[in-house]
Amino acid sequence: MPFSQLGLYSSIVRGAQALGYTQPTPIQAQAIPAVLSGKDLIASAQTGTGKTAAFVLPILNRLGPHRSTGPRVLILEPTRELAAQVEESVAKLGQFTDAKTVVLHGGVNLGPQRNALRNGPDIVIATTGRLREFLDSKALRLNTLEVLVLDEVDRMLDMGFIDDVKAIVRECPPKRQTLLFSATLPPRLQEVAKFALNDPQRIEIAAEKVAADTVRHAIHPVLDSQKIDLLMELLKRDEFKSVIVFTRTRKGADRIAHLLRVENHPVGVIHAEKNQTQRTAALEGFRSGKHDILVATDIAARGLDVAGVSHVINFDVPQHAEDYVHRIGRTGRAQSTGEALTLATPEEANHIVAIEKLIGQKIPLLTLDGFAYEGGQPPRVDAANPRANAPKGSGHKQSLGKGGQQKGDTGKNQDRKASGRPFGGGNPNWHSKGKPGAHWRTRKGR
Ligand code: AMP
């Protein structure tokens, strides 16, 4: 069914067509008529499915000509990047309308945002913290609001924003349309739904579609001590165009980025400790192709839309299965194909079971030909049988002691370290320059 048959005005359909959208995606085909009907909505869909246009198009349709009465639409986003990205979508999809938009997020001065509010925007796109600052100082009132969009709500809950969300909902007029979008629908979300929505229509995009068909998954079993070597080797061998490397911690992201730069890879880093200018520069650098690699913590995993990401590499196995789906959702987007590689140690095997259950498929194990696995072969990473992962005389080291020493470290390995020769047989720089190898052998700070 074409967009024109969904009940949208031609100026709105032209906006979608200008972006090259010919057919609505499944979430759009279901959500657009639902939003146009004026009902509240709970919609779940994997990221990369066209979720943004599913609410932006019908909202633009509802707005009609610009009025300077006060904001009529509020879109809440969990992160600054998502807020900026949604603003861009609204600008593009609404290019044949005169809707005025303002984006409010932290990390930048209040002044320009305050001025933009004085221009009478129709749509406010905001993160919760900055929005509350404006509400508390009475620089913004929501009494003219007609539509409230709570986007990526599971992420907001994960980030501990539930009280902020509730406080903001309390500021909205009771007579409004509320749309709740979430990639997953955890039980805790029901609490928000009860609080904010009134007799909502529900749309769920089939669970088996949780991971896009366009993504090929693989697990690379490896010991913790060899992860960085394996990452470097993978980056050398495969057809990497544009790669996001995910790590669990900010420190881990910084260290990997450092080691990649030592190897002359153009790299951007994005995590919560970076300021807004650095985050924007990293993302822009990656989008424009200046950086082939973006190293990120999970802050970047949700909803970020970068075209042509060929590979997602999980430097560690995400502890929450949903995070895996979000991370790999950065590749294989909108018809292109992608690879999702996960480096997994025997200790991480138990998290794989939950991931395989959620995505409804077994992830194949791959080994890298010619890579000098410690002990002569990759370690056993058996999701179905975690006990089997114990090394028992295999020569593999499982746990890492303090000070970079593995328990039971052999004289052979000591020699290798002493000589600065990398375990993976690759570039000695990883271990010799600034002794990064030593960091990778300790658990502390990771
Ligand atoms: P989203 O899930 O909103 O982040 O969208 C993911 C990507 O799909 C974005 O690059 C959109 O521009 C693109 N997209 C959204 N709707 C369509 C459509 N109907 N046809 C083709 N691409 C689309």
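A nonpolar core is defined here as a set of buried Ala, Val, Leu, Ile, Met, Phe, Trp, Tyr and Cys residues joined through C-beta atoms within 7 Å. A residue counts as buried if 20 or more other C-beta atoms lie within 10 Å of its own, as exposed if 12 or fewer do, and as partly exposed in between, with C-beta atoms placed from the backbone. The structure is a predicted model, in which local features need pLDDT of at least 70 and side-chain atom pairs count only at pLDDT 80 or more, while totals for chains, interfaces and linings use all residues. Residues are numbered from 1 along each chain as its sequence is written.

The largest nonpolar core contains 57 residues, of which Ala 31, Phe 55, Leu 57, Leu 74, Val 149 and Leu 180 touch the most other members. Helix α3 (residues 51–63) supplies the largest share of this core, eight residues; helices (H or I, at least four residues) and strands (E, at least two) are DSSP runs, numbered from the N terminus. With neighbours within four places in sequence left aside, Ala 31 is in contact (C-beta atoms, placed from the backbone, within 7 Å) with Leu 41, Ala 43, Ala 54, Phe 55 and Ile 203. A second, separate core comprises 47 residues, including Ile 244 and Val 312.

An open sheet is formed by seven strands in the order β3-β4-β2-β5-β6-β1-β7, with parallel pairing; two strands pair if DSSP finds at least two bridges between them. On average, neighbouring strands are turned by 15° against each other, direction ignored. Axes are lines fitted to C-alpha atoms, for helices over the stretch in contact, and angles run from 0 to 180 degrees between N-to-C directions.

Strand β4 (residues 123–127) pairs in the parallel sense with β2 (residues 73–77) over five bridges. In these, Ile 75 has Ile 125 as its bridge partner, and Glu 77 has Thr 127. On the side of β3, four bridges join that strand to β4, again in parallel, and Thr 101 stands opposite Ile 123. Five of the five residues of β4 are buried, so this strand is largely enclosed by the rest of the structure. In a regular strand the side chains alternate between the two faces of the sheet. Ile 123, Ile 125 and Thr 127 point one way from β4, whereas Val 124 and Ala 126 point the other way.

Terms used: Contact = placed C-beta atoms within 7 Å.
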